Amino acid sequence: MNKWILPILSVLFFLSACEKDEPAPEPHVAARTVLVWLAGDNDLYPEVPHKLSALAEGFRNAAPSGCRLLVYADRRGNYPQLIEITPDGNRSVLETYPAQNSASPETFSRILGYMLSLAPARHYGLILFSHATGWLPQGALENPTLEEKPLSRTLFDDNGEQMTLAGFADALPTDVRFDYIVFENCFMGGAEVAYALRDKADCLLVSSAEILAPGFKEIYSSSFDKIIAPVPDLAGFAADYYNYRNAQSGNRRSATVSVINTSAMPQLASLAAEIIGGSSPLDEERLKTMQRFNRHDYTLFFDLEEYLCELAPERTVEIRSAISGAVEYAAATADFMPTYDHGFHIARHCGLTVYIPQSCFPALNAAYKETGWYHIQAGDNSERP
């Protein structure tokens, strides 16, 4: 009997080795994967569970075919979790993380990469929720002199830690171009933002002004199908949000929303650079009467079309044509929080805002010179966000 033991063991070892050498099965490639980043470790934390429920309801109602929905959710008082919402609306917790900074570019890049590896797809969408103030440096919204830096917002906020626009652009994967990025964040409708993300996504859904709570929660259940459709209808989703807000009353009837085609941003940036570079700066008294989108006694977000047409009124047709090529959809209510301090009337809304340097904000002007949008104006065509 002993003479058979060695050959049998050899065969078993060979078979075992062959088993181990078999490659792991490739993950299923979905038609579309939508990734959601809920950075709510801040005063928005009560909204996070409601967003999750609304997303689950919307995904179930959309009856998606071949789509996956992954959500990274972080809220104050809870550990961050990576969750998959299944087509029947149920939720499966894939990972629970120790406390971490969800507004860190390193955290965002690492977990976003992991999400992409878990749910590879032919097409991708990205939805972001947190505080934001567009391209502005931290603290600039409340103190544009930058002499003080209280808690304010750039992109995302995690217990006071924030991410810059440049950091966000750099943290996005280089080997994936998103079909769209939906910003459920305030003040992300800047030309500076759209230009910085021109190589990261085909379309952006943004707001020129603030987004009032509960944001897009009320339309996820009925309109999420437009986001996960084979050909996404971002303009339709944006219109549904606008119509919902416009049907409200009082201060709740306040909204700005637009959809930006990023492929048109280089051409628009070149035109803006030509006009701004060839014109004298506007009188700062005139700036005080122009359309604004922030609720302060100073303006940091101006309407791009109005600004360029003020500089070069003889080129109005050309300016409007270039902007219409970049802005697929734009809508705004007649007023924005009119009974609040510095609430404002919306007479102009092309769908893109822009910062205009002002003598009273030298430090902010210097920070603005670091944006890619400004560098085009300065004749620097080097790649930068």
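Which residues do ring pairs link into a cluster?

Analyst: This is a predicted model, in which local features need pLDDT of at least 70 and side-chain atom pairs count only at pLDDT 80 or more, while totals for chains, interfaces and linings use all residues. Residues are numbered from 1 along each chain as its sequence is written, and side-chain values use heavy atoms, with hydrogens and water left out.

The cluster that ring pairs form consists of Trp-37, Tyr-72, Tyr-97, Phe-108, Phe-156, Phe-168 and Phe-183.

Because Trp-37 belongs to strand 1 (residues 30-40) and Phe-108 to helix 3 (residues 105-118), the pair ties together parts that are 71 residues apart in sequence. Helices (H or I, at least four residues) and strands (E, at least two) are DSSP runs, numbered from the N terminus. Trp-37 is buried, its relative accessible area being 0%, and Phe-108 is also counted as buried at 0% relative accessibility. The word buried means under 20% relative accessible area, exposed means over 50%, and partly exposed lies in between (1.4 Å probe, protein chains only).

A further pair is made by Phe-59 and Phe-224, with ring centres 6.2 Å apart and planes at 85°, so it too is edge-to-face. Since Phe-59 lies in helix 2 (residues 47-62) and Phe-224 in helix 6, this pair ties together parts that are 165 residues apart in sequence, and both of these residues are buried.

A ring can also have a charge over it, which is counted if NZ of Lys or CZ of Arg is within 6 Å of the ring centre and within 35 degrees of the ring normal. In this model the charged end of Arg-198 sits over the ring of Tyr-195, at 3.8 Å from the centre of that ring.

Note on methods: Phe/Tyr/Trp six-rings, centres within 6.5 Å; stacked < 30°, edge-to-face > 60°.
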